[in-house]
Every structure is written in structure tokens, then in C-alpha cells.
Amino acid sequence: MQFKDLGLSPNLLSAISDAGYDTPTPIQAGAIPIALTGRDVLGIAQTGTGKTASFTLPMIERLSRGRARARMPRSLILAPTRELAAQVAENFETYTKNHKMNMALLIGGVSFEPQKRILDQGADVLIATPGRLIDHFERGGLLLTGVEILVIDEADRMLDMGFIPDIERILKLLPPRRQTLFFSATMPAEIQRLVNTFLKDPERVEVTRPAQTAETITQYILKTADNQPKTKREALRAAINRDGVKNGIIFCNRKRDVDIVARSLQRHGFSAAPIHGDLDQSQRTKTLAEFKSGELRLLVASDVAARGLDIPAVSHVFNVDIPRNADDYVHRIGRTGRAGMKGESVTLVTPEDKKALAAVSKLIGGEPKTLELDGIEAAKADAPEKAATSGDEKPKSRRGGRKPKVAKDEATAEPKAEAHKAEAPVEVSAEKPKSSRRRSRTDTEDNAPAVRGFGDHVPEFLLRSAL
Ligand code: AMP
């Protein structure tokens, strides 16, 4: 099947072709023809399946006829996070290049006035996070009675983040005669209830990740001698310096550590930057763009900040801390091994992490392989990080060619030159971000409610690729 078989117009097909695509993904092939007829769609698909274009393309087609009126957007897309909303907006920009279409983005961190102006002129497409939309609505800048198409993206994450009351409120402001395209990776009872209440006879389109992903993730654990931050950072550097690490996302459990790890990596000469909720929007957007373009090699993130980000082609995922919630492990490693590319995950495991490792192993159906790297000792009583003052002190162990003893199929890449720097111990106290100075109560992703991940639904591909 090709895009031209889906009933899309030549203008749109040419934009799709310019974006480099000719074959629709399964969710696109399933959802687009139904959405084009005006029927409701219940799409069950995760990020990475091409689900965004499965609603943006039919929307553009349907909205290409007719004009928007002032303050009355013709379509509304609700997304749980700013980043996801921004990605949807990018998608529209890509595919509307041959159309005249007004799009407004209502998210925190984007200035209010220009967005209000677009709304005043008449927006064909309004993309918003629920809170920001309600803000605008309450200020009277917006009427939702002209919405012909509603999209709810990542509904289960909306649930995780406590947005369902907002969604229900928004849904009641919309005209009953509209098309609803509803997307969720999983279908917990609360989401099913929403679907039953607010969708009309939806066609269900369900996809799993492409099968080839299954065989493409190799999971490792790297045991460290202790749980000291320095020990872990050294192990992390050794893991990054292995052959074949093109780029990667590095996960920390605590937001505070995201900054510390990013700073430490920078000091050691790595191309690394943090992404978390305390950074302002423009900084996050910039970091993400640099990572996508390849300018930035390592993105250090917390679970909440990374959730839903569209980051194609990541060769590696590193877990500085094994996640407290085993579901998060599944989410994290799902960032690599996409679209048929090979991917690896390396999770640092300290002697204190036995319980968390057992939880992860139970969820994925077995313990990941143990990675052994020169210079990184597991469970040695005391493994002080040698405070080398010159990079020459440990020429071999600092070099990029640390080969895992268990990985036989490593690509032979050039050793990385960037980590030859001398040890530069990171002083935690000097690097504390503003937010953590104030707070000692909790170290988890502070502003975000607990996120549930896949819950009972662990994608097949992960179960199969666990060992
Ligand atoms: P999504 O699931 O919408 O976040 O999309 C995941 C990635 O797949 C994005 O980087 C898209 O650019 C890419 N993508 C979308 N549609 C296609 C397609 N038909 N063929 C190949 N890649 C696609």
C-alpha cells in the first residue's frame, strides 16, 4: 500500500513525498481512510508508530475546504505535554506546505499574544494542552462551538497526568456534531469510559510496534561496586565510550541528578545536555532540536520530561539509575531499537538495587545480560574513583574502545576521542539547580504526578526481546 492509495489529494501527497515518505505505517493505513469519511476513530497506538500523521493528514484534507471564523477554531487537538503539542504542530507545518491553513499552538512557555492574534484571525487548527486551553477559554478569547474535528492524543498519558476532569470539561464545550479522533497506547477502564461517552460508533484501529523492533533491542546491566554518584558516573562514561554508541538518552530517577550528570558529562568532554521540567520552554525546544539534528549526542532526561518526545534513531539508552517503577524501564528502553535499527540499553545496577532489578526482571521476563567493562568492577567493597589530574594517568581505560566482554556482535566504530579528559570530579553542592536547593522533601519529578506507564500491558516486543 502507498499513500496515494489512501484517498488523499495531490497537494497533500506531494507534501508527504517531500517529507520522504511513500508507504503509510499500519496506523496510517488503518486510520486515514476512515477519518477521511468523517467517522470517529479510536486509534490504539504508541508513539513511534506514525500515529501523528494518521490524524494530521485526514484533518488537513477535510479542513482544506472552508474557512475559519474569528475566535472559533475549526479543529482542536489536545495533547498531554508541551513537547507533544509542539511535535504535532511540526507535523502540521510539514504537511500543510501546499495549503493555506492557520494554526495556533496554546502551550505554556509560548507567548500568549501572537497565539491570541491567530485565534482572532480564525484558526483552522488549534493545538493545545488542556490547562492552557481552559485558561484561554476562561479569558474569553475562544469559542469552541465551531470545532468540527477533535483529536485527543495520548489519552492514557492524560489520565496519568490527572487531566481527565479537564478533558471532560472541554468535551462538554464542543458541539455534539463533530468528528472525534481518539488515540491512546493502552485502554484502561477510565479511558474506555471516556470513549463510550464521547465517541460515536468509532472504528477501532489497533497496532503494535513494528515486529522488527522486537529483535533490535539488546539489554544490558552494568554492575557497579557501590552506589556512589561518582562510581556511577564513571561507569556511565565507560558505557558511553563503548564502540557503536552513536547517540543516546541517559535517564536519571531524580531531576536533580539530570543536571548533575549532564554537567559532569560536559566536563568530561561529551556532547550532552539536560532536559527536564524546570528548564524553560525555549531551552527545552532548543535542546531537543539539537539532539534531533545530531548536533547534540547525549540527552540526559527524567522520565516525565522524556515521555512522548519524538526522538527518532537513538542508538542507546542508559539508565544511570534503575527506575523505581518497573514500567518506566519499559518506556525508557523503548526509545531505542526503533524502526528496524539496532539498539542497546545499559542499566547501571548498584548493590542496593537488587529489589528494583528483580521487579524489572519480573516484568520483562528475565534478567538482562551483564555487561563487563574493563575498569568497572562489580561489588568490590570500595572502588574509589581515582582523582586523576591528568588524562595520561589511565590512558587505556579512558579510551573509547572499552569492549564489553559479552557483546560479540559489536560494530567496530572509531574510539570516541571526547572522553580523554582528565577526571573532573563533580561537586554536587556546587551544581544543585535552583529547584533542589529549596526542596529536600522529595527528589522525584516534582511537579508531575506519578506516571503509570504500560501498567499490565507490556508490549509483546519487549517481552520477546528481554534476553
Ligand atoms: P509518531 O508515532 O507520530 O510520533 O511518528 C514517529 C516517527 O515516524 C516520526 O519521526 C515520523 O516522522 C515518522 N513517520 C511518520 N510517518 C511515517 C511513514 N509513513 N514512514 C516512515 N516514517 C514515518
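Packing here is about contact, which means heavy atoms within 4.5 Å. Helices (H or I, at least four residues) and strands (E, at least two) are DSSP runs, numbered from the N terminus.

Before going on, a word on where this comes from. This is a predicted model, so local features need pLDDT of at least 70, side-chain atom pairs count only at pLDDT 80 or more, and totals for chains, interfaces and linings use all residues. Residues are numbered from 1 along each chain as its sequence is written, and side-chain values use heavy atoms, with hydrogens and water left out.

Back to helix 1. Which residues of helix 1 are buried? In this helix, residues 10–18, they are Leu12, Ala15 and Ile16. Looking down the axis of helix 1, you find these buried residues within an arc of 100 degrees, so they line one face of the helix. That arc is taken from the directions from the helix axis to the C-beta atoms. Buried means under 20% relative accessible area, exposed over 50%, and partly exposed in between, with a 1.4 Å probe and protein chains only. Here is the general idea: an α-helix has 3.6 residues a turn, so residues three or four places apart point the same way. Just after helix 1 comes Gly20, with a positive phi of about 100 degrees.

Helix 15 gives us a second example. In this helix, residues 354–364, the buried residues are Leu357, Val360, Ser361 and Ile364. Around the axis they cover an arc of only 100 degrees, which puts them on the same side of helix 15. And what sits on the face turned away from the buried side of helix 15? There you find the exposed residues Lys355 and Lys362. Just after helix 15, Gly365 takes a positive phi of about 85 degrees.

One is Arg71, at about 60 degrees, in the loop between helix 3 and strand 2 (75–78). Arg71 is partly exposed, with a relative accessible area of 40%. Glu154 has a positive phi of about 55 degrees, and its place is in the loop between strand 5 (149–152) and helix 7 (155–160). At 6% relative accessibility, Glu154 counts as buried.

Now for the aromatic rings. The structure holds one aromatic pair. The rings of Phe55 and Phe183 have their centres 5.3 Å apart and their planes at 50 degrees, so the pair is tilted. For the rule: rings of Phe, Tyr and Trp (its six-membered ring) pair if their centres lie within 6.5 Å, and planes under 30 degrees apart count as stacked, over 60 as edge-to-face and the rest as tilted. Phe55 lies in helix 3 and Phe183 in strand 6 (residues 179–184), so the pair ties together parts that are 128 residues apart in sequence. Phe55 is buried, with a relative accessible area of 0%, and Phe183, at 1%, counts as buried too.

Next, the ligand. How many residues surround the ligand? There are 13, and the closest are Tyr21, Gln28, Gly48, Gly50 and Thr52; a residue counts if one of its heavy atoms lies within 4 Å. A polar side-chain atom of Thr52 lies 2.5 Å from an oxygen atom of the ligand. A nitrogen atom of the ligand is 2.9 Å from a polar backbone atom of Thr23, and an oxygen atom of the ligand is 3.2 Å from a polar backbone atom of Lys51. Taken alone the ligand exposes 500 Å², and the protein buries 77% of that. Accessible areas come from the Shrake-Rupley method with a 1.4 Å probe; for residues, only the protein chains shown count as cover.

One more spot to look at is Thr350, in the loop between strand 13 (343–349) and helix 15. Thr350 counts as buried, at 5% relative accessibility. Leaving out residues up to four places away in sequence, Thr350 touches Thr224, Asp226, Asn227 and Lys232.

Finally, the whole chain. Its secondary structure comes to 18 helices and 14 strands. Of the 467 residues of the chain, 56% count as buried.

Definitions and conventions:
Polar contact = N/O pair within 3.5 Å; in protein donor to acceptor, adjacent residues only side chain to side chain.
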